[in-house]
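Dear colleague,

I am handing over the structure below, and I would be glad if you kept it open while you read the notes that come after it. Please take your time with each residue that is named.

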Amino acid sequence: MKGLLLKDYYVLKKQLPILLLMTTAFAFAGNSFSIYAIIYSALLPVTAIAYDERSKWDILASSMPYTIRQLVLSKYVLGWIMIIASSVVCAAAELIAAAVKNAAGFKPDFSYFSNFIGGQYIGVMLIALILPFVMKAGVEKARILYSILLGFCAAIIITSRFFIDSLAQFVFGSSNLTAFIIISVSLLLAVSVSILSIKISISFYKKKNRT
Amino acid sequence: MSNKNAIELKGVTKSYKDFTLGNINLSLPSGSIAGLVGENGAGKSTIIKIILGALQADSGEITVLGHNVKEKSFDCVKKDIGAVLDESYFPEMITARQVGSILKATYDNFDEKKYNDYLKRFMIPENKLFREYSRGMKMKLGIASALSHYPKLLLLDEATSGLDPLIRDELLESFSDFTEDENNTVLISSHIVSDLEKICDYIIFLHKGKIVFFEEKDKLLDEYAIIKLTSENFEAVDPESVIGKRENKYYTEALIRKDGIPKNFKCEHTTLEDIILFFAKGEELK
């Protein structure tokens, strides 16, 4: 799978400075905006698939020693790596922003962490929801669907910033057991949805590219 | 399973809404070069994709390098396959140098030096984006990529189409070099019959989704000939030996089996292209 990830890295290389710029701009705009940068990075696998489709890469890839599972899984892994990378960049950018703004009293609080965790969570879920449709219909046809999903996510984020903060306060302010249960259920949900999504994507990929 | 054959297809079928690839039987010996020829839409690319496992056949058995393509182990066999496919390339945002890095991470037996030598030999710029390449350059990079991990089977789908004669000749030479090792096999599909005539041991003629013939090239050239006769003289020819013919008001030109040529009748110079064209005409008349 290393070769597949390397290929996607080369394909997306030119997009990375944009991501960096966006992350920095958001960091200076305020902590809660970082979530958009994380979500943008979660969608980079879709861009990589668009390039693959344009060059009919999948047919060439079928001549290489990769299983369908590896071909599909590599896009999920790419998304997850991008989420982690953008979170790290966001955190660094925000620390720099705080220093530049001379915010001597800057202390990462619940809100700070909840934004990152919320962004990562939404990113993972978005990957899991979008990729099966992209695998089935292709980027162009799935564009409408994922535009709706993105709009939906943006609306949730905008209207529920308070909700995310409150949830974070609630989770971390609750008893250890309640917090543990909530975090565990959330993680389990993300893992289950991702596993199910990967299985569906493999099946769609097989049907679309091998029949 | 015998490894004497690099490719074996038994009763392979594949149906689409408006096209059927019908009952394909094929045994291609290891160490040979076979040319797959046929009109647009005859099913050449479909066969190559089926051999690669990139398409699932509706029925039949496909064995490549001794392994059934339906087996899970076939994904590992692919390290011994090199493919250059028509209009299927590396993504346009990457360079030849980056392709080398991707292949190095993909194939255990990738030879970076060999790949770089091919880039030099084919004069492929290392740092130019793939989207800026001409078709010739794209194909040459495809061939460099396909040959640099020591494959045993090379599958080429229209790899020489649309290229100028000089580049084609250069590529054909590299395919011939490849089969200097008697374990290496090439299956090449092309419209350019003269290219196939230069390098192939076997010719597979596919017409409307069916194999019309799969024969040794030399045997085809030995066995068939073109004759050009007046209509009266043509009546002396055994109709059973006529494969295909075309008539005008002055003469009849026909491809016939040499054993059916009446004595004292002179044969015309016959090329592989003539044989294929007349076979196609014969099929049309059936």
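The notes below go through chain A and then turn to chain B.

Please keep in mind throughout that this is a predicted model.

Chain A, overall

Chain A contains 9 helices and 0 strands, and if you follow the chain from the N terminus, its elements read α-α-α-α-α-α-α-α-α. Of its 211 residues, 46% count as buried, while the chain exposes about 10,500 Å², of which carbon and sulfur atoms supply 74%.

An enclosed helix

Which residues of α3(A) are buried? They are S34(A), I35(A), A37(A), I38(A), I39(A), S41(A) and A42(A). Because 7 of the 9 residues of this helix, which covers residues 34-42 of chain A, are buried, helix α3 is largely enclosed by the rest of the structure.

A nonpolar patch on chain A

On the surface, F28(A), I96(A) and V100(A) form a nonpolar patch, and together they have about 280 Å² of accessible area. One of these residues, I96(A), belongs to helix α6 of chain A, which covers residues 68-100. I96(A) has a relative accessible area of 51%, and it is classed as exposed because exposed means over 50%.

A negative patch on chain B

In chain B, a negative surface patch is formed by D201(B), E216(B), D218(B) and D222(B). E216(B) lies in strand β10 of chain B, which covers residues 210-216. Its relative accessibility is 38%, so E216(B) counts as partly exposed, given that this class lies between the limit for buried, under 20%, and the limit for exposed, over 50%.

Where in chain B is T95(B) found? T95(B) sits in the loop between β6 (81-84) and α3 (96-106) of chain B; please note that this α3 belongs to chain B, whereas the enclosed helix described above belongs to chain A. With a relative accessible area of 9%, T95(B) is buried, since buried means under 20%. If residues up to four places away in sequence are not counted, T95(B) touches E126(B), N127(B), K128(B) and L129(B).

With best wishes

Methods: Residues numbered from 1 in each chain as written. Chains lettered and ligands numbered in written order. Predicted model: local features only at pLDDT ≥ 70, side-chain atom pairs only at ≥ 80, totals over all residues. Heavy atoms only, no water. Patch = residues over 30% accessible without salt bridge, like charges linked within 9 Å, V, L, I, M, F, W, Y side chains within 5 Å. Areas by Shrake-Rupley, 256 points an atom, 1.4 Å probe, with all protein chains shown as cover. Salt bridge = Lys/Arg side-chain N within 4 Å of Asp/Glu carboxyl O. Lys, Arg positive; Asp, Glu negative; His and termini not counted. Charge placed at Lys NZ, Arg CZ, Asp CG, Glu CD. Helix = DSSP H or I, 4+ residues; strand = E, 2+ residues; numbered from the N terminus. Buried < 20%, exposed > 50% of the residue type's maximum accessible area, 1.4 Å probe, protein only. Contact = heavy atoms within 4.5 Å.
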